[in-house]
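Please look over the structure below before reading on, and keep it in view while you work through the points of this briefing.

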Amino acid sequence: MMYGEWPVTEQQQHAPTPGLENLLSEERRFSPPPDLATHANATSDLYAWANADRPAFWAEQARQVLTWDKPFTQSLDWSNAPFATWFADGELNAAYNAVDRHVEAGHGDRVAIHFEGEPGDTRTLTYADLQREVSRAANALTALGVSTGDRVAVYLPMIPEAVITMLACARIGAPHSVVFGGFSAEALYSRILDAEAKVVVTADGGFRRGAAAALKPAVDEALDKGPTTVNHVLVVRRTGQDTAWTPGRDVWWHEVVDTASDQHTPVPVNAEHPLFILYTSGTTGKPKGILHTTGGYLTQAAFTHLNVFDLKPETDVYWCTADVGWITGHSYVTYGPLVNGATQVIYEGTPDTPDRGRWWSIIDKYKVSILYTAPTAIRSCMKWGEQWPDAHDLSSLRVLGSVGEPINPEAWMWYHRTIGGERAPIVDTWWQTETGAIMISPLPGGTTTKPGSAQVPLPGIAADVIDDETVSVPNGSGGYLVLTEPWPSMLRGIWGDPDRYVDTYWSRFKGIYFAGDGAKKDEDGDIWLLGRVDDVMNVSGHRLSTTEIESALVSHEWVAEAAVVGATDETTGQAVVAFVILRGDATGASLPADEVAAQLRAHVAKVIGPIAKPRQILVVPELPKTRSGKIMRRLLRDVAEHRVVGDATTLADSSVMDLIAAGLATPKA
Ligand code: WT7
C-alpha cells in the first residue's frame with residue numbers, strides 16, 4: 001500500500017459551474033436559525049466540557065441516553081491500546097433500549113416506523129407494536145436454534161422486518177451481520193462463511209423501480225456453493241413471487257414469527273458484547289468484518305443522533321434514506337433513532353418510482369422534519385430539476401443532513417435553497433463504518449456552516465490533519481485525516497483478524513487512528529474532506545475496493561491483468577473505470593470490445609454485486625507500471641478523466657501510455 005500518490009484532483013472536489021464561483025466562495029457562511037440557536041439540544045459549551053475530561057463526558061452521555069441493567073463503574077480502558085473497552089463492567093440490552101423502555105415510559109402509542117413500500121402500500125408500527133414484533137422474532141430465532149453469541153446473517157430489502165430482525169438479534173445477544181441486498185450470492189457466501197452464521201434471514205424479494213426483484217435465489221445459490229454453518233433460512237413474504245424451497249432448512253416468517261409468543265425478556269449483555277459485524281471494503285481484495293459492541297456504540301449512535309440532528313422525539317418526524325445494509329442504516333435507521341424514541345420513515349424503493357417526485361411526496365405526506373441523505377442523491381435530484389420538489393410542500397423540514405462523501409458546494413447550496421427553503425441548517429457529517437457514528441459535523445444550533453465542509457470534531461472527539469511525519473498541519477494546509485483519541489463507538493476489531501485491525505488503522509501513524517481520507521484545514525481550522533488517499537473508491541457514497549474489483553476481473557478466464565481506478569463522476573462522485581489486458585488465446589480477444597466489456601461487467605456483478613459494475617471497461621495492450629511493478633493508477637485516472645496524462649517518467653517503459661492511447665483511439669470493432 002502506498003499513500004504518497006495523491007489522488008485528489010481539483011475535479012474530485014467538484015469545481016463549481018462557471019458563474020457560481022462568487023456564490024460558492026469560501027467566504028460564504030450560514031448562521032444557525034435563531035430558534036435553533038436558543039432551543040437546540042446541543043450547545044457550544046459541550047466542547048469545553050468534553051475537552052476537560054473525555055472519558056467522564058462520555059460516561060455521562062452513556063448514563064443519559066441509555067438505560068443500564070447493571071450500571072458501569074469505569075469509562076474508557078485504553079491500557080491495551082489499540083484495543084479499547086468502554087463502560088466494560090456495565091450490562092444492558094440494545095433492543096430493550098430501542099423499544100421496551102419507551103413503552104414502559106408510556107410512549108407505546110408513539111409511531112416508531114412509518115413504512116412506505118415502493119408500490120404505495122404502507123404500514124405503521126408504534127413502539128408497542130414494535131415490542132410485540134421484535135419479541136416474536138426473538139422467540140422464533142431462539143426456536144430456530146439461535147443462542148446468545150451466535151451470528152445471524154440478514155439479507156433483506158428495506159422493509160420493517162429488517163429493523164425487527166436486527167433488534168430481535170440484539171434482544172438475544174446474537175450479533176447480526178447485515179449484507180446489503182445489492183451484493184451477489186458469492187459476496188453473501190463469503191460473508192456467511194467468515195462470520196459462521198447459523199441462520200440467514202431474507203425475503204422472497206422486494207420492490208425496486210416498479211418491479212419485484214428476487215432475493216431468496218441468491219441465498220439458495222450462496223448456500224449451494226459449499227458447506228456452511230447455516231441451519232435455517234427464515235423468509236419474509238414480501239412480493240409473493242414463486243420461491244424455490246428447501247424443506248427442513250427454509251421456514252416462512254409468517255409461519256414461525258407471526259405465530260410466536262409476543263412476550264420475551266431481553267437478555268442483558270456486557271457492554272463489550274458484540275452487537276454486530278458489518279463487512280466493508282478495504283485496500284485488499286477481502287472485505288473486513290467490522291466489529292461493533294454494545295454499550296459504547298449505542299452511546300455514541302444515540303448521542304450523535306440526538307444532537308447532530310437536534311431530535312425532539314415528541315414532535316419530529318425523521319427520515320434517513322440509507323439502506324440497513326450500510327453503517328448509516330445501522331446507526332441512523334435502527335439504533336440511534338429508536339434508542340432516542342424517534343418517529344421515523346422507512347421507504348423501500350428508489351427515488352424515481354413512480355416518478356422523480358417520490359421523495360418529496362413522502363416528505364410532504366409524513367411531514368418529515370429531519371432528512372438525512374447522501375450527496376449523490378442530492379446531485380441526481382438537482383439534475384432532475386426543481387419542478388419535482390417544488391410540486392410538494394417541504395416546509396416541515398427543519399434540519400438536513402449529508403453523509404457518505406464530500407458534498408460539493410453547488411449541491412450544498414441546492415439542498416439549502418430548494419429543499420431546506422433557506423431555513424434548515426445543513427449538517428455535513430463525516431464518519432465511517434469503522435467509527436460507528438458521526439465524528440465530524442457542525443452542530444445545527446451552534447455552528448456557522450460553510451458549504452462543503454464537515455468542519456469540526458463533535459464534542460468528545462479528537463481529530464486532526466497531519467503530514468507524513470505525523471505533524472499537525474497548519475491552518476490552510478492539507479494532509480491525512482486522523483483520530484487522535486479513542487471514542488465510544490470505535491470498531492473493536494476486524495472479525496477473526498486482530499493483526500489486520502492493528503495494521504490497517506493503527507500502524508501508519510503510531511498510536512493514532514488513520515482514517516484513509518485526505519483533508520485540509522482552512523484558515524479557521526475547519527476541516528474539509530478531500531476523498532480517499534488509499535485504494536478505496538467512493539461510488540454514490542458506497543465504498544468499493546479497487547483491488548477487490550481487480551480480483552473479480554482477473555477471475556474471468558479471458559482476463560490476464562486488470563487495473564481499476566475511481567474516476568470523477570458528476571452524479572456518483574466517483575465511478576469505477578477498469579483497464580484490462582486480455583489473454584491472447586482467449587475467446588474474448590477476437591470479440592468486439594463492447595461485447596467484452598458487457599461480459600466483464602456482468603461478471604463483476606456476479607462476483608461482487610451490481611453496485612461494483614465498472615462504468616467503463618477499456619481493453620488495453622499494456623498497463624503502466626513502475627520499475628518495481630506497481631501499477632501507476634494516477635496515469636490511468638488521467639486517461640479515465642480525459643486529462644492530459646501527467647508525468648510518466650517513472651514508468652519502466654514510457655511508451656506504454658502511448659500504446660494505451662493508441663489502443664483507445666482504435667477500438668477493436
Ligand atoms: C468513507 C467511509 C459514514 C457512513 C457512510 C459511508 C467518506 C463519509 C463523508 C463526508 C466526506 C465522507 C470518507 C470515509 N465519507 N462521509 N461527510 N464528507 N467524505 O461509510 O462506507 O464506511 O465510508 O466515506 O471517505 O472514509 P463507509
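Which residues in helix 17 meet which residues in helix 18? In this predicted model, Ile549, Ala552 and Leu553 of helix 17 are in contact with Leu600, His603, Val604 and Val607 of helix 18. The residues of this contact divide into six nonpolar, one polar and no charged.

**Helix 17 with helix 18**
- Helix 17, which covers residues 546–554, packs against helix 18, residues 593–607, at an angle of about 115 degrees, and their axes are 9 Å apart.
- The crossing that helix 17 makes with helix 18 is right-handed.

**Helix 4 with helix 5**
- Helix 4, formed by residues 94–107, packs against helix 5 at an angle of about 140 degrees, with the two axes 9 Å apart, and the two helices are therefore oblique to each other.
- The crossing of helix 4 and helix 5 is left-handed.
- On the helix 4 side of the contact are Ala98, Val99, Asp100, His102, Val103 and His107, which meet Tyr127, Ala128, Leu130 and Gln131 of helix 5.

**Helix 5 itself**
- Helix 5 has 17 residues, 127–143, which at 1.5 Å a residue should span 24 Å, and this agrees with its end C-alpha atoms, which are 24 Å apart.
- After helix 5 comes Gly145, whose phi is positive, near 100 degrees.

Key
Residues are numbered from 1 along each chain as its sequence is written. This is a predicted model: local features need pLDDT of at least 70, side-chain atom pairs count only at pLDDT 80 or more; totals for chains, interfaces and linings use all residues. Side-chain values use heavy atoms; hydrogens and water are left out. Helices (H or I, at least four residues) and strands (E, at least two) are DSSP runs, numbered from the N terminus. The expected span of a helix is 1.5 Å times one less than its number of residues. Axes are lines fitted to C-alpha atoms, for helices over the stretch in contact, and angles run from 0 to 180 degrees between N-to-C directions. Angles under 35 degrees count as roughly parallel, over 145 as roughly antiparallel, 65 to 115 as roughly perpendicular and the rest as oblique. A crossing is left-handed if the near helix is turned anticlockwise from the far one by less than a right angle, and right-handed if clockwise. Contact means heavy atoms within 4.5 Å. Ala, Val, Leu, Ile, Met, Phe, Trp, Tyr, Cys and Pro count as nonpolar, Asp, Glu, Lys and Arg as charged, and the others, Gly among them, as polar.
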